[in-house]
Amino acid sequence: MTADVKKTVYKGVDLHCQTNNTEHHTSEISVDRLIVRRGQPFTLTLKLTQCFNPDLYPLNIVAMTGKHPSDVRGTMSFFSVPDRVQGSPSAKAVWKIALHKSSTPLTGLLNLTITPPADTPIGEYLMYVTHRDEKMLLATPVVLFNPWCPDDWVFLSDGEQRQEYVMNEQGIIYQGSGSYISPMNWDYGQFEDNMVDICLKMLDMNNKHLNDPADDVSARCNPIYVSRVVSAMVNCNDDRGVLLGRWEGSFCDGVPPFQWNGSHAILKQWINTDCSPVKYGQCWVFAGVMCSVMRLLGIPCRVVTNFESAHDNNSNLIIDVYHADYGVREKESPDSIWNFHVWVEGWMRRPDLAKDGKYDGWQVLDPTPQEKSDGVYCCGPASVTGILNGDTDLKYDVPFVFAEVNADCIDWLIKADGSKVNILSDTKRVGQNISTKSVGSNKRMDITNSYKYREGSEKERSVFKYAVTRLSPNVKPVESGPIKVNDEITPDCITPLPQVSIRFEEVSKPMNGRDVSLKLVLGTVGNAARPLSINISVQAMRHNGSPAVTIQTEVKKETLQPGRDLSIPILVPFLAYNKHMVKCESMKVSVMVTDKQKPNNIYLAAQDIVLLNPPISITVSRKPLSLCLSIYHLSSDFVQVSVTLVKSCYYSLDVGPSLNFHVWVEGWMRRPDLAKDGKYDGWQVLDPTPQEKSDGVYCCGPASVTGILNGDTDLKYDVPFVFAEVNADCIDWLIKADGSKVNILSDTKRVGQNISTKSVGSNKRMDITNSYKYREGSEKERSVFKYAVTRLSPNVKPVESGPIKVNDEITPDCITPLPQVSIRFEEVSKPMNGRDVSLKLVLGTVGNAARPLSINISVQAMRHNGSPAVTIQTEVKKETLQPGRDLSIPILVPFLAYNKHMVKCESMKVSVMVTDKQKPNNIYLAAQDIVLLNPPISITVSSPTRLNCEASGEVVFMNPVDETLKDCTLTLTGSGLLKEEIVKTFPDLKPNNRIHVKFFFVPNKIGDKTLVANFDCSTFRHIKGSCSVNVRL
């Protein structure tokens, strides 16, 4: 006899994931998985096979999280319809349920509204329902913190701030030094795939959870506890955390910290390698990753940079810096001052510190492993309000962060006998320009005044003294003289004015690749001459403020006259600093001045120098605009060395040679701010590449294309900059041995060629040059150029002929005289990477006499920004140019000569300088840019391709060179086609051998998509191929 199968009472459940997640601000994470925020109700529909009679058969539900759920710990909650559950009197975090009025109990359709309390532990829950003695898994919701809920400790009332500090996946992290602040984009990616599971895994991997999982999961109701755990888990110093830090040495077995540009790749690698530490991080990487995790969990978070950040090793709020006799910083100092340090702030209540909410708000959390806090490498949360007010007796780690932003400094001179002399007490050095990204914009927001009162003010000094006494209650502040803490001296409130003043002045902006030049200026307030011994030291400094190596030292003997400044030039040659600065963040120029009449009077000053890398070096200038590009050549070896583009009324940009190409976007919009009649409506240039600041921010535009076309360089925004990008004139100068310069070429047509965009409805190139400027060399184009100069500099009048002078700089005339020797290049064959490059130089003359010529030919590997990386080859030829006959000179660049240099370069530049030997001042110049065509790579996809159906494709590539290709990697990407990129590695590829890769994928979006294959190896970089794929239903 067959037993009867019992019919289930459950027909099904609808979690309404898309609706619930949208209402809970989690739809960016997923619309397929139930992710809710505590303190806010969510709805689900339970369908029964029978009518629902709550009096006879109530609906009982339990929600639990963790391996040891307990209602007393708040990790388990019982609730029912009707509400008849007799819970424990000591139960915490009790969930609530209500039967919505839209339910139809007679048909068994129950719309349930469930609310996890605002203090429930976050995490993934199991929800079971029991009805008529039958139990079923109802849902597995993930519960997060809720900054939208007033009862949640992370509640943030301002909607724009919630959008920025919880929902924004893109951000900016500031680096550099107090004098040279530079922004770096960071992709937080907190809503990327698998981020929920990664972040919850981080919580489960922390040591507290491994030691006592029940207590740890229960404590996840508290953002103070959770943020402290995240701070510890971002580094791996005492657990299986995410990142391994490294501040010096080789990064060859991992990724250098400066190569990361977002958090998701780091967290994804951590989870995919069984929670093995990811190599490598430094402070901004640690902070960026922590911000991503905090925002995903629902804790409002922002990244903060502190410039001149102190590391107080002995917790006395004093930074001791030691100097040898020459002013060189000793390496043994336990304390340090970093050029910058990055942490995060999390927004939360702090009832553990004060019941009145005094310390609520932003809290410092620092995941960079510096010092242990309660035996663990973590830091915070430290109340920013507590730091501001000097409450150094508060938890967590307030003394450490207070020292980072407001420690006082004492500089000590270590004498030959080992004794030390206090030569400088500085209360203002530490904690400058504390910065974070502004809400709703990419501007920098200075939040220094939220950490400390104005430096040197009476309030700031009284807070410092108070902070010392709270740290050491047995020490009382005094009204004057130094404060003693542990027998070490803190500087008095006001450092006495020195009898010798010291300051540094820049001669030019410090540009990497050039000599660094500055002036040391000494002055005296006395009436007597002072014989001085001046020790100057230049050191390469690591990011953490410690010296790596001494670059140079110098001792000068000078006499400082009363009433007159003494100016001493300091020059640090590129050849002196180059090899040392490859792995260092900045230079420190230290000066120690000793009064020879009073040897105990010693004065110290230091200047941090951050080298600016082209093309983002900006120098302030009051010169009017010169829309002129100057290119300089050395007469000795004929190598291009610099280009200066003067490009706005107040700023000058040193960019190196003009870029091979540059890419921006155009946006279509009206511009009533420029003209009410719509004259400037339409396409507007917008350039997100950080080149120059616009109104103090690295951005560009919108600049009206019509305004650019007509030379209206007085229009906002950034029209002069874009006009110069497409229509600047060029002057080439020859720098002679005596330092004089000769104008050897004036070119009005070089800049702004083949301005291109994709055609509407096809993949053809559309040339839009004529929307930016009139035909090159035409009367209209030249008149617009002159007009642009005068609109920028109203005091300059255009002239009808001859050169235009702007501040004694010459712009080329409208028409450059035809040279007596013409130069052109002709291709012998298309330049293909992997083959010899062959072209012809063709010279001609319009005169009747033969011309003996000296022909200098130089071939250089060029970076994308137009600066030369290395000279591949040079050649000097002596030839005679006959009248009426072209002179053809072959130029051959062998593959073996250029191969190793072109791996990291974008193009070659073949430059030719021709000198008429009978008239040496007649010099002619020409150059040809050569972009090597990569060997072909084939990518094809089988058709037809349908949504959610497996498709296949194949990639074919053959090694075209007579050498073995090593380190071969193929990467396949395609939005809407591949969920994740496909990366394949291959053994060495021998000459004339090929790789043949077949791959499979499942398209997840319909429409026209593109598959991209990227082949990379030791000889060729980034050989790309693509194919279009039309995905249909």
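Mentor: Helix axes here are lines fitted to C-alpha atoms over the stretch in contact, and angles run from 0 to 180 degrees between N-to-C directions. Keep that in mind as we go through this model, which is predicted.

Trainee: OK, start with H3 and H8 then: at what angle do their axes cross?

Mentor: The axes of helix H3 (residues 195-204) and helix H8 (residues 283-297) cross at roughly 105 degrees and come within 10 Å of each other. Angles from 65 to 115 degrees count as roughly perpendicular, so H3 is roughly perpendicular to H8.

Trainee: And which residues of H3 and H8 meet there?

Mentor: On the H3 side they are Met195, Val196, Cys199 and Met202, and they meet Ser292, Val293, Leu296 and Leu297 of H8. Sorted by class, this contact of H3 with H8 has 7 nonpolar residues, 1 polar residue and no charged ones.

Trainee: Next pair. How do H10 and H11 sit, parallel or antiparallel?

Mentor: Helix H10 (residues 398-406) and helix H11 (residues 458-471) have axes that come within 12 Å and cross at roughly 150 degrees, which makes H10 roughly antiparallel to H11. As for handedness, H10 passes H11 in a left-handed crossing.

Trainee: What makes the contact between H10 and H11?

Mentor: H10 contributes Pro399, Phe402 and Asn406, while H11 contributes Glu460, Val463, Phe464, Ala467 and Leu471. By class, the H10 and H11 contact comes to 6 nonpolar, 1 polar and 1 charged residues.

Trainee: What's the angle between H14 and H16?

Mentor: Helix H14 (residues 719-727) packs on helix H16 (residues 779-792) at about 150 degrees, and their axes are 12 Å apart. H14 and H16 are therefore roughly antiparallel, and H14 passes H16 in a left-handed crossing. The residues in contact are Pro720, Phe723 and Asn727 from H14, with Glu781, Val784, Phe785, Ala788 and Leu792 from H16. This contact of H14 with H16 has 6 nonpolar, 1 polar and 1 charged residues by class.

Trainee: Switching to charges: how many salt bridges does the structure hold?

Mentor: It holds 44 salt bridges. One to look at joins the side chains of Glu980 and Lys268, at 3.3 Å from N to O. Glu980 lies in the loop between strand E59 (968-973) and strand E60 (982-986), whereas Lys268 is in helix H7 (residues 264-272), so this pair ties together parts that are 712 residues apart in sequence.

Trainee: What about His16, is its phi positive or negative?

Mentor: His16 has a positive phi of about 50 degrees, although it is not a glycine, and it is found in the loop between strand E1 (10-14) and helix H1 (17-23). These backbone features stand out because most residues other than glycine have a negative phi, and most peptide bonds are trans.

Trainee: Before I use the coordinates, what's the mean pLDDT of the chain?

Mentor: The protein chain has a mean pLDDT of 84, and 87% of its residues reach 70 or more.

Trainee: Where does pLDDT stay under 50?

Mentor: One such stretch is residues 631-657, for which the model has 109 contacts beyond four places in sequence. Residues 794-818 also have pLDDT below 50, and that stretch has 49 contacts in the model beyond near neighbours in sequence. Where pLDDT is low, the predicted coordinates should not be read in detail.

Notes. Residues numbered from 1 in each chain as written. Predicted model: local features only at pLDDT ≥ 70, side-chain atom pairs only at ≥ 80, totals over all residues. Heavy atoms only, no water. pLDDT = per-residue confidence, 0-100. Contact = heavy atoms within 4.5 Å. Helix = DSSP H or I, 4+ residues; strand = E, 2+ residues; numbered from the N terminus. Parallel < 35°, antiparallel > 145°, perpendicular 65-115°, else oblique. Left-handed = near helix turned anticlockwise from the far one by under 90°. Nonpolar A, V, L, I, M, F, W, Y, C, P; charged D, E, K, R; others polar. Salt bridge = Lys/Arg side-chain N within 4 Å of Asp/Glu carboxyl O.
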